[in-house]
Amino acid sequence: MKLGFIGAGNMAQAIIGGIISKGIVNKEEIIASAATNKTITKVTEEYGIKTTLDNREAAQADMLFLSVKPVYYKQVIDEIKDVAVKESQIIITIAAGKSLEWTENAFGGRRKIIRTMPNTPALVGEGITAVCPNSNVTDEELKSAMELFRAFGRAEVVKESMMDAVVAVSGSSPAYVFMFIEAMADAAVAEGMPRAQAYQFAAQSVLGSAKMVLETGKHPGELKDMVCSPAGTTIEAVRVLEKTGFRSSIMECMKECADKSRNM
């Protein structure tokens, strides 16, 4: 199976790196296009795949990833739809706000399309990808796509109506988590801890807490209660978070994020 990537930025590189490291597809079977020589030189040197400045060349693959920013989707599709794209191809989109219907209409006909939303932790093999195929994709084709996305983290099939929620809860949420880590580190620095050490403590606490949720199967509230001893330090910190609207601010920011995705 030949894989093509139009766009070779961080997300494409995370996918390519995961696929190669797991041995799912040989690097000789992967081609990526980019807009600059600087990018294709970097990708060629790091991953050993074929690269090109010509999107039409990359578009001849069996499975084609459109890994450019949403604003460029129409331009790219117009460039390749009558030149190299075949109806037998599987087209994988990675873009907020671009529905299966929009993509199929942009190509001007019946296509096999899988809409996805990965996130940046894919860069370290810990991503989560939402996957939504259209009715033209067979079960076997979906299975092959899921194997690719599980090469750099977890992957789950979701209904398309959930994709805006996915953007808010996983696609954009690493930014919220980074802000949380930064804020905790700043507070630790204010207490006298060296900054580099503060980042280590904050980041590892977030990593370990997330792992507890995933591996214990316990409700987050139950895990929170396990830390909150009567009249202790943690419950006092939780009281302040509740007083200052911690939960509400997270929910409000995610609502705005989902609305933005919905209206793109």
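Is Ala231 buried or exposed? Ala231 is exposed, with a relative accessible area of 84%, where exposed means over 50%, buried under 20% and partly exposed in between, for a 1.4 Å probe and protein chains only.

## Basis of the description

This is a predicted model, in which local features need pLDDT of at least 70 and side-chain atom pairs count only at pLDDT 80 or more, while totals for chains, interfaces and linings use all residues. Residues are numbered from 1 along each chain as its sequence is written, and side-chain values use heavy atoms, with hydrogens and water left out.

## The loop at Ala231

Ala231 belongs to the loop that links helix H10 (220-227) with helix H11 (233-243); here helices (H or I, at least four residues) and strands (E, at least two) are DSSP runs, numbered from the N terminus. Although Ala231 is not a glycine, it has a positive phi of about 60 degrees.

## The eight-stranded sheet

Eight strands form an open sheet with mixed pairing, in the order S3-S2-S1-S4-S5-S6-S7-S8, and two strands count as paired if DSSP finds at least two bridges between them. Strand S3 (50-52) and strand S8 (153-157) stand at the edges with a single partner strand each, so one side of each is left without a neighbour in the sheet. Neighbouring strands of this sheet are turned by 20 degrees against each other on average, direction ignored.

Strand S1 (residues 3-6) pairs with strand S4 (residues 63-66) in the parallel sense over four bridges, and Ile6 has Leu66 in S4 as its bridge partner. S6 and S7 are paired in the antiparallel sense, also over four bridges, with Ile114 opposite Pro133 in S7. S7 and S8 pair in the parallel sense over five bridges, and in this case Gly127 stands opposite Gly153 in S8. S7 is mostly covered, since five of its seven residues are buried.

## Ser33 in strand S2

Ser33 lies in strand S2 (residues 30-33) and is buried, with a relative accessible area of 0%. Leaving aside residues up to four places away in sequence, Ser33 touches Phe5, Ile6, Gly7, Ala8, Thr52, Asp54, Asn55 and Ala58, where contact means heavy atoms within 4.5 Å.

## Helices and their packing

Helix H6 (residues 139-149) lies across S1, S4, strand S5 (90-94), strand S6 (112-117), strand S7 (127-133) and S8, and runs at about 150 degrees to S8. Axes are lines fitted to C-alpha atoms, for helices over the stretch in contact, and angles run from 0 to 180 degrees between N-to-C directions.

Helix H1 (residues 10-21) packs with helix H2 (residues 37-47) at an angle of about 20 degrees, their axes being 11 Å apart. H1 and H2 are therefore roughly parallel to each other, a description used for angles under 35 degrees, whereas those over 145 count as roughly antiparallel, 65 to 115 as roughly perpendicular and the rest as oblique. Gln13, Ile16, Gly17 and Ile20 of H1 make the contact with Lys42, Val43, Glu46 and Tyr47 of H2.

Helix H7 (residues 163-171) and helix H8 (residues 173-190) pack at an angle of about 25 degrees, with axes 5 Å apart, which makes H7 roughly parallel to H8. In this contact, Val167, Ala168, Val169, Ser170 and Gly171 in H7 meet Ser173, Pro174 and Tyr176 in H8.
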